[in-house]
Amino acid sequence: MSASAIQASPPSAWLVAHSRRIKPGGRVLDVASGTGRNAAWLARQGFQVTAVDRDAAALEILKAQAPEVDVLEWDLEQGAWPYAGRQFDAVVVCRYLHRPLLPAFANSLAPGGVLIYETFMRGHEQYGRPSNPDFLLASNELIDVFRPLLTIAAYEEGLLQLPPHPAVLQRLVAIRA
């Protein structure tokens, strides 16, 4: 796939709808960014974006389309959290789940920072990948994890008619007090 085809990929609608909650010009971490559909869009909105992913080829595409994004090639599921001690005005996670990292996302938020999270939940297996239950959230799981750590500002779960096929997702926006 060419960089121009990737560039045409729209950002997450959930991110777009809630990006107004991010401090103008703020520091944003895009976790498991892939080719950067969200990171590039955030950079175009004037945010200072850091993107992390383990896929070097995907990060090269991101760098080609948004050279202003700071990228880190890192396997988030191996070793220590690479952003320990750093704080961001927003942490964005779309279509990625590694439960041991969930507290790190909350701890990486500056006061007033916003977590914008969207990923698959049980029920999605009938529409495609992922289908492994280890990578599908249980009902209300994001609320249960983040309510003790952050203030929930928005939440939804269920079947959404998204191109190219339906998806069963949980979506959360939470703020660090």
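The model is predicted: local features need pLDDT of at least 70 and side-chain atom pairs pLDDT 80 or more, while totals for chains, interfaces and linings use all residues. Residues are numbered from 1 along each chain as its sequence is written, and side-chain values use heavy atoms, without hydrogens and water.

I listed the contacts of Tyr155 (heavy atoms within 4.5 Å). Neighbours within four places in sequence aside, they include Trp14, Asn140, Ile143 and Arg171.

I checked polar contacts (N or O atoms within 3.5 Å; within protein, one able to donate a hydrogen and the other to accept it; residues adjacent in sequence count only if both atoms are side-chain atoms). The Tyr155 side chain reaches the backbone nitrogen of Asn140 at 3.4 Å and makes a polar contact with the Glu157 side chain at 2.4 Å.

I turned to the whole protein chain and noted six helices and seven strands; helices are DSSP runs of H or I with at least four residues. Of its 177 residues, 47% count as buried. I recorded that residues 24 or more positions apart account for 56% of the contacts with a separation of 6 or more. The C-alpha atoms fill a box of roughly 40 × 40 × 35 Å along the principal axes.

How values were computed: Helices (H or I, at least four residues) and strands (E, at least two) are DSSP runs, numbered from the N terminus. Buried means under 20% relative accessible area, exposed over 50%, partly exposed in between (1.4 Å probe, protein chains only).
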